[in-house]
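Here is a report on one protein chain.

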Amino acid sequence: MTITNRKGGVGKTTTVVNLAAAWQATGRRVLVLDLDAQGHASWGLGRKAVSRQEASIHRLFREEAAEGPMIVASRLPGLDLVPAERSFEERHSMVKRDLLAQWIRQVASKSAYEVVLIDTPPVLGTLMINALHAADMVLVPFVPHFLGLDGVQQLVRLADYLRSSAEETQQQGRLLLLPVMVDKRLKQHREVIDAVLNQFGRERVLLPGIRNNIRIAEAFGYAQSVLEYAPESSGAEDYRNLVNQLQAAGPAHEQGV
Ligand SMILES: Nc1ncnc2c1ncn2[C@@H]1O[C@H](COP(=O)(O)OP(=O)(O)OP(=O)(O)O)[C@@H](O)[C@H]1O
Ligand SMILES: [Mg+2]
């Protein structure tokens, strides 16, 4: 599953880290790929982004790299990670869109990961395109507060792009929208969620979403998931519920790649 949005600061990385921990808590074997060179998902799972010499996920996109990426363990048993490379910059000449999908297929044939979560940078470049192509499911977190009409339109364009690229590769990529940092008391939040429901239909929007919860932001500061830092918080509850919702929909790999 790829967690992406073309907007920055909308809770992509937070969702990767906490969803990974919530899945791990159900006994699943989980792999997180930190495709964003900011390295925040690596940080949130207690590992640092690595330097150019080490085996980051970004190595896949360096033609000169002799070795492939290396999987490392997180603090949580059964939750592994391939860290980001801090110095990585995308070049326009990078055109291959299936490098990541191929690597994941290789890894999946060797290891028993049941869930693979990919964090992306907030730009539509080679990395994001690879992440979209590798995913059986695309989760788009959005903040209903500042999303506004423009943000809804950006989601529509992303959905159109996914649909056209899915046709090309014979895939049926599923797009699900997740409201995050939700505050139901705010009229604007209710209005934007209604607008998104109208646009995309109920089956594509994961309601009620993730509430605004200070414990989520605090946990990240301590390089922990909110499930470890504040297991009784609404944030932990919301991410546990999200896993239940996704499981009720069936295992990701059975939903048609
Ligand atoms: N449900 C929530 N409640 C409160 N704060 C949240 C919640 N979700 C995310 N945040 C906070 O919002 C900020 C942005 O989140 P995050 O870094 O996950 O966004 P992002 O989309 O990955 O950003 P970028 O585009 O820079 O990669 C962080 O400070 C995070 O702690
Ligand atoms: Mg991020």
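## Helices α3 and α4

Helices α3 and α4 are oblique to each other. Their axes cross at roughly 45° and come within 7 Å. Angles from 65 to 115 degrees would count as roughly perpendicular, and those under 35 degrees as roughly parallel. The α3–α4 crossing is right-handed. On the α3 side, the contact is made by L99, L100, A101 and I104. On the α4 side, N130, A131, H133 and A134 take part. By class, the residues of this contact are six nonpolar, two polar and no charged. The model is predicted.

Helix α3 spans residues 99-110, and helix α4 spans residues 126-134. How much of α4 is buried? Seven of its nine residues are, so the helix is mostly covered. The buried residues of α4 are T126, L127, M128, N130, A131, L132 and H133. N130, A131 and H133 are buried, and these residues also belong to the contact with α3.

## Helices α1 and α9

Two packed helices are described by the angle between their axes and the distance between the axes. Helix α1 covers residues 12-25, and helix α9 covers residues 234-248. Their axes come within 9 Å and cross at roughly 75°. That angle falls in the range from 65 to 115 degrees, so α1 and α9 are roughly perpendicular to each other.

Which residues of α1 and α9 meet? From α1 come T14, T15, N18, L19, A22 and W23. From α9 come Y239, R240, L242, V243, L246 and Q247. The residues of this contact divide into seven nonpolar, four polar and one charged.

## The chain as a whole

The chain has nine helices and seven strands. It holds 257 residues, and 53% of them are buried. Among contacts with a separation of 6 or more, 76% are between residues 24 or more positions apart.

Two pairs illustrate spacing across the sequence. G8 and P121 are 113 residues apart along the chain, with 8.0 Å between their C-alpha atoms. G8 sits in the loop between β1 (2-3) and α1. Its relative accessibility is 43%, so G8 counts as partly exposed. E203 and L175 are 28 residues apart along the chain, and their C-alpha atoms are separated by 9.9 Å. E203 belongs to the loop between α6 (187-200) and α7 (214-221). At 62% relative accessibility, E203 counts as exposed, since the cut-off for that class is over 50%.

## An aromatic pair

How many aromatic pairs are counted? The count comes to one. The partners are Y222 and Y229. Their ring centres are 5.5 Å apart, and the planes make an angle of 20°. Planes under 30 degrees apart count as stacked, so the pair of Y222 and Y229 is stacked.

Are the two partners buried or exposed? Y222 is exposed, with a relative accessible area of 55%. Y229 is partly exposed, at 29% relative accessibility.

## Backbone geometry

Most residues other than glycine have a negative phi, and most peptide bonds are trans. Some sites here depart from that pattern.

A cis peptide bond joins L207 and P208, with omega about 10°. P208 lies in the loop between α6 and α7. E203 is placed in the loop between α6 and α7 as well.

M181 has a positive phi, near 55°, and is not a glycine. M181 is placed in the loop between β7 (174-179) and α6. With a relative accessible area of 35%, M181 is partly exposed.

A223 also has a positive phi near 55° in a residue other than glycine. A223 is found in the loop between α7 and α8 (226-229). Is A223 buried or exposed? Its relative accessible area is 10%. Buried means under 20%, so A223 is buried.

How values were computed: Residues numbered from 1 in each chain as written. Chains lettered and ligands numbered in written order. Predicted model: local features only at pLDDT ≥ 70, side-chain atom pairs only at ≥ 80, totals over all residues. Heavy atoms only, no water. Axes fitted to C-alpha atoms, helices over the stretch in contact; angles between N-to-C directions. Helix = DSSP H or I, 4+ residues; strand = E, 2+ residues; numbered from the N terminus. Parallel < 35°, antiparallel > 145°, perpendicular 65-115°, else oblique. Left-handed = near helix turned anticlockwise from the far one by under 90°. Contact = heavy atoms within 4.5 Å. Nonpolar A, V, L, I, M, F, W, Y, C, P; charged D, E, K, R; others polar. Phe/Tyr/Trp six-rings, centres within 6.5 Å; stacked < 30°, edge-to-face > 60°. Buried < 20%, exposed > 50% of the residue type's maximum accessible area, 1.4 Å probe, protein only.
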